[in-house]
Amino acid sequence: MLFEVPSLESLNLGAALPAVSLTFGVCVLLLVDLLLVPKDRKEITAWLAVAGVVVSFVVNLFTFNTHTEAFLGMFVADSFTGFMNIIILLTAFLGILLSKDYLKRAGIERGEYYTLMLMSAAGMMFMASANDLVVVFIALELLSIPLYILAAFRVPDVKSEESGMKYFILGAFSSAFFVYGAALVYGAAGTTSLPGIFGAVGTIVQTGGSAAFLLLAGAGLILVGLGFKVAVVPFHMWTPDVYEGAPTPVTAFMSVGAKAGGFAALLRIMAISLPAFTLADGQPYAAWQQTFWIIAALTLILGNLVAIAQSNIKRMLAYSSIAHAGYILMAVAAAGTTGLTNDATRAALIYLLAYMFTNLGAFGVALAVERDDGSGTNLEDFVGLAKNRPGLALMMAIFMLSLTGIPLTGGFIGKWFVFKATLDAGLVALAIIGVLTSVVSAFYYVRVIVNMYLRDGEAETPGESRMVNWAVYVAGAGTLIMGIFPFLVTGLSDLVTVAASVVR
Amino acid sequence: MVQIEAYVILSAVLFILGAMGVLLRRNAILVFMSVELMLNAANLALVAFAKQWNQMDGHLFVFFVMTVAAAEVAIGLALIVAIFRSKRSIDIDQLHQMEG
Amino acid sequence: MMEALLFLVVGAVAVAAAVMMLLSENAVYSALFLIINFMCVAFFYLMLDAPFLMMIQIAVYAGAIMVLFLFVIMLLGAEKLGEPTREFRWLAPLALALSVAFLVITGIAITQGQIDLQGPQTQPPLVRVAHAASNAGTVDVYADGQLIAENVVFKEASAFVPLAAGEHTVTLNAAGTDTVLLSAPLTLENAPERTVSAFTLVAYGDAPAIGLIPDNLETTEDRSGRLTIFNAFDRPVDLWDMGSEFNPDDDRAVTSSLAPGASVELPAIPENTDLRAWRFTEAGSKEAALFRLNNPDVFRIRRDEAQVLVLVSERVLAGTEQDLVRAVAVPLLSRALPSFGGPQAVGELLFTRYMLPLQLVAVLLLVAMIGAIVLTHKEDFRPRRRDVRRRVAKPLAAAISTQVGRDVLQPGLETPKLPPQEEEQPQPVAD
């Protein structure tokens with residue numbers, strides 16, 4: 001007698017359809033690209049990839065507010081997943097728009113590019129809905145491995161290959177940390193399922209069990225593993241080199257996507273599965289909050305200060321992305337306070353959405369200024385952009401203001417909610433550091449605006465194309481709409497409740 | 001009867017040796033082998049805990065880690081070959097086309 | 001003692017191999033030392049009851065993956081590694097310090113974690129309900145008011161459900177109603193460490209009573225199955241086996257005088273034994289057969305199955321004049337649990353709970369395949385037809401010409417020497 005194979009209904013594929021449909025679509029795309037699309041018409045593949053993203057996006061709207069598990073408890077579909085999926089799919093959409101013409105002029109137009117990018121996006125989506133450490137791990141790899149390849153995609157270019165190599169070695173190193181951390185958590189809790197860990201943590205805390213040490217060590221190592229992925233200090237060393245060496249659209253995609261995926265996993269593990277993990281029963285904040293506090297502060301300070309010294313736009317945006325990871329980490333730290341988990345998670349999601357629009361837009365403008373051989377990414381190359389391409393310059397100015405956090409932009413709304421959550425959690429010092437570093441960050445963001453508007457020069461935009469312009473304008477519109485009509489986003493994010501907090 | 005702690009501590013030692021290999025060796029292939037050592041150490045810990053809890057979830061985790069490691073090796077070695085082709089070197093200290 | 005000794009020796013070898021891997025100057029030696037380390041880890045898997053993982057550790061890790069490493073090392077000729085570079089030397093003490101700190105922290109975590117105190121988790125006993133009371137109709141079963149089996153029909157058993165060890169009150173209700181047919185106390189005990197205890201509750205008799213059969217779900221011996229007999233009939237019975245030849249001289253008693261409500265577990269029976277020569281009789285009477293197990297499709301021992309044979313009394317033509325009670329044997333099957341860490345157990349989990357990770361890992365391997373091709377395949381993005389032809393056709397002709405000693409492209413003419421530019425290798429097309 002054989003064992004009972006789970007039926008299709010019990011797998012509950014419908015709830016997992018956004019991620020599953022994207023994965024399936026990519027597999028089909030791979031074959032279509034290989035067999036049907038001629039070599040010199042790869043833009044067809046790009047359009048098909050966009051179609052796949054759109055289908056997944058529409059499906060996601062239908063499954064947005066379900067609260068079910070799928071795949072026998074391995075996958076959870078809730079509004080957190082839905083919100084994350086929106087961010088990820090928009091990232092993929094804009095990423096493809098930015099890539100199409102860039103690939104052609106860099107001479108690396110291959111259909112596999114889109115396959116890999118969408119595979120990575122699928123990995124992020126699975127990560128956002130993982131309900132088990134095993135799935136988190138595999139989705140993490142599914143997210144990263146295509147990015148290693150994409151970073152090195154500009155093949156005989158040594159810079160790109162090295163960027164891929166560096167990213168790969170540090171990525172593999174960090175996933176080893178993640179696995180060891182997961183092993184220790186498994187040793188303490190006796191299960192790898194996230195709700196199961198949540199339950200086990202309750203007993204460990206109540207009985208004052210000494211397994212708490214094991215759990216703490218495990219959670220720390222998981223933090224190291226995911227910290228590398230989202231690039232927080234002190235695990236950020238790879239970021240500037242990799243961002244600079246990778247093809248610019250890939251940099252744009254990974255600066256948002258990898259962070260979104262990493263923070264989704266961090267929020268799921270820390271805020272959903274370990275929020276009740278206190279060292280003494282009745283403590284109002286989780287044991288890991290202190291650590292996150294310190295890391296967030298370090299990240300904010302270092303990211304913003306070093307960004308000032310950069311003369312290359314890609315490196316500057318790399319350090320700026322480190323700094324923004326710090327702001328999101330503030331929200332994660334706030335999620336460790338009892339009763340604030342939902343609010344802080346919403347703040348992190350809103351911040352990620354704003355960051356997504358802004359950062360992709362900024363990279364889009366940088367990509368337009370970049371020359372075919374990959375040069376032309378210095379801040380000097382922006383001098384006089386306002387005269388030659390007023391539209392792009394205006395957009396870039398909006399993105400820079402949004403990254404600084406000036407009102408009427410998305411970045412302001414994101415920061416507002418993050419700071420509010422941090423203050424509510426009683427982390428006043430951290431909030432002050434956040435505000436001060438935002439002021440510092442204005443220095444290097446405004447420098448770009450000064451270069452564009454106030455200095456005389458002739459900026460060229462060899463990379464400008466209709467697709468890139470569209471992507472930039474979409475990103476700009478997103479940034480402004482979020483800033484001017486914040487209730488649109490907050491209305492959506494209010495739907496987000498974190499599953500485990502119901503138990504609490 | 002060997003206690004489970006003994007296995008876990010052995011795995012921690014192996015993990016550390018792997019981490020030191022990554023930090024100290026400059027040859028990309030060796031760095032990469034050190035990562036494999038770290039993953040193996042984690043696997044040993046997982047199997048030990050699976051025995052302790054008397055359930056198979058740890059074994060399944062190890063199974064997946066091994067598969068993922070195989071995928072990683074394929075990519076890593078392909079990258080090494082690609083870099084070696086254009087640079088004739090796999091010393092990761094020489095990866096400074098970019099100044100960091 | 002022996003185990004501890006083995007652990008120490010193999011553990012020492014594993015650590016030594018890892019250290020040697022780090023120190024050796026030759027990448028090939030490093031790879032070989034790593035293989036030794038993997039072998040040691042595989043040995044530990046065996047000691048930790050993970051035979052399947054041991055197998056793939058050797059076949060996949062030490063075998064396939066490390067061969068790939070060796071292959072690349074030899075392909076690139078990279079076995080001799082450059083001397084350590086001077087910069088980053090400060091990393092060494094830092095790495096050492098960090099490593100020691102990590103070891104101390106995890107060491108404390110592991111020893112303070114008192115792993116042995118937490119586990120092994122005792123699995124709660126599993127319970128199923130078998131319905132052997134002919135006049136009770138379909139029933140629902142509750143334990144302490146909590147539904148454990150619904151709509152159990154006569155002669156069938158519910159699925160196993162976990163029920164905490166301890167005292168319970170079991171009630172049988174007529175299905176979907178509050179009519180209590182039976183209420184009885186029940187005490188369940190936890191299994192000894194690392195095993196699962198399973199029980200079958202049998203409701204039997206005219207005024208239903210509850211009988212408890214300890215069910216053994218541990219892995220059966222190789223190629224055999226288990227058989228447990230429960231008597232739910234109204235009088236004591238014997239069980240006779242005439243042997244496959246149906247020879248009355250071979251007739252022997254399998255069990256004798258099994259009282260109502262009693263059960264007996266028989267020794268392991270080889271697989272595919274059919275029980276057609278078996279019969280139940282009234283106790284003490286060899287001849288008065290109550291029921292013959294003459295349907296070989298139903299009464300058969302299968303591998304890895306634990307079978308409970310319940311002799312029930314069934315009313316025939318109830319309410320008529322020929323109302324009579326007869327004995328019927330009902331087999332209740334349950335599959336023995338696959339052995340811990342074996343391939344069957346891993347396979348079962350892979351295709352049930354771990355379906356999603358399995359699919360994702362398949363996608364991941366696909367990505368790795370694409371990646372390896374993309375990264376190493378030198379594609380010419382702007383092929384020009386003329387160049388390609390020249391590259392292929394001319395050198396071949398030239399090579400043949402030099403071999404033959406005359407220009408094969410102009411067969412009629414005697415041209416002793418080819419023009420010098422023809423002999424040169426053509427330029428690569430990429431420009």
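In this predicted model, a network of salt bridges links Lys159(A), Lys166(A), Asp241(A), Glu244(A) and Arg315(A). Within that group, Arg315(A) pairs with Glu244(A), their closest N and O atoms lying 2.6 Å apart. This pair links distant parts of the chain, with Arg315(A) in helix α13 (residues 313–334) of chain A and Glu244(A) in helix α10 (residues 238–245) of chain A, 71 residues apart. Arg315(A) has a relative accessibility of 7% and therefore counts as buried. Glu244(A) is also buried, because its relative accessible area is 14%, under the 20% limit.

Over all chains, the count comes to 25 salt bridges. Three of them are set out here.

| Salt bridge | Closest N and O atoms |
|---|---|
| Arg315(A) with Glu244(A) | 2.6 Å |
| Asp424(A) with Lys420(A) | 3.7 Å |
| Arg279(C) with Asp251(C) | 2.8 Å |

Asp424(A) and Lys420(A) belong to helix α17 (residues 410–424) of chain A, where they are four residues apart, about one turn of the helix. Asp424(A) is partly exposed, at 46% relative accessible area, and Lys420(A) is partly exposed, at 42%. In chain C, Arg279(C) forms a salt bridge with Asp251(C). Arg279(C) lies in strand β14 (residues 278–282) of chain C and Asp251(C) in the loop between β10 (237–241) and β11 (252–258) of chain C, so the pair ties together parts 28 residues apart in sequence. Both Arg279(C) and Asp251(C) are buried.

Two threonines are considered next. Thr45(A) is part of helix α3 (residues 43–62) of chain A and is buried, at 0% relative accessibility. Its side chain makes a polar contact with the side chain of Asp33(A) at 3.0 Å. Beyond residues up to four places away in sequence, Thr45(A) touches Leu29(A), Asp33(A), Val37(A), Gly111(A) and Tyr114(A). Thr67(B), in helix α3 (residues 57–87) of chain B, is buried with a relative accessible area of 16%. Neighbours within four places in sequence aside, Thr67(B) is in contact with Val361(C) and Leu365(C).

Between chain A and chain C, 44 residues of chain A are in contact with 33 residues of chain C. The buried area is about 3600 Å², and carbon and sulfur atoms give 78% of that area. The interface has zero salt bridges and two residue pairs in polar contact. On the side of chain A that touches chain C, the elements giving two or more residues are α2 (17–35), α5 (112–128), α6 (133–151), α7 (158–189) and α9 (211–230) of chain A. α6(A) gives the most, with eight residues. The residues of this side divide into 32 nonpolar, six polar and six charged.

Definitions and conventions
Residues are numbered from 1 along each chain as its sequence is written. Chains are lettered from A and ligands numbered from 1 in the order in which they are written. This is a predicted model: local features need pLDDT of at least 70, side-chain atom pairs count only at pLDDT 80 or more; totals for chains, interfaces and linings use all residues. Side-chain values use heavy atoms; hydrogens and water are left out. Contact means heavy atoms within 4.5 Å. Buried area is the accessible area (1.4 Å probe) that two parts lose on being put together, summed over both. A salt bridge is a side-chain nitrogen of Lys or Arg within 4 Å of a carboxyl oxygen of Asp or Glu. A polar contact is a pair of N or O atoms within 3.5 Å; within protein, one must be able to donate a hydrogen and the other to accept it, and residues adjacent in sequence count only if both atoms are side-chain atoms. Ala, Val, Leu, Ile, Met, Phe, Trp, Tyr, Cys and Pro count as nonpolar, Asp, Glu, Lys and Arg as charged, and the others, Gly among them, as polar. Buried means under 20% relative accessible area, exposed over 50%, partly exposed in between (1.4 Å probe, protein chains only).
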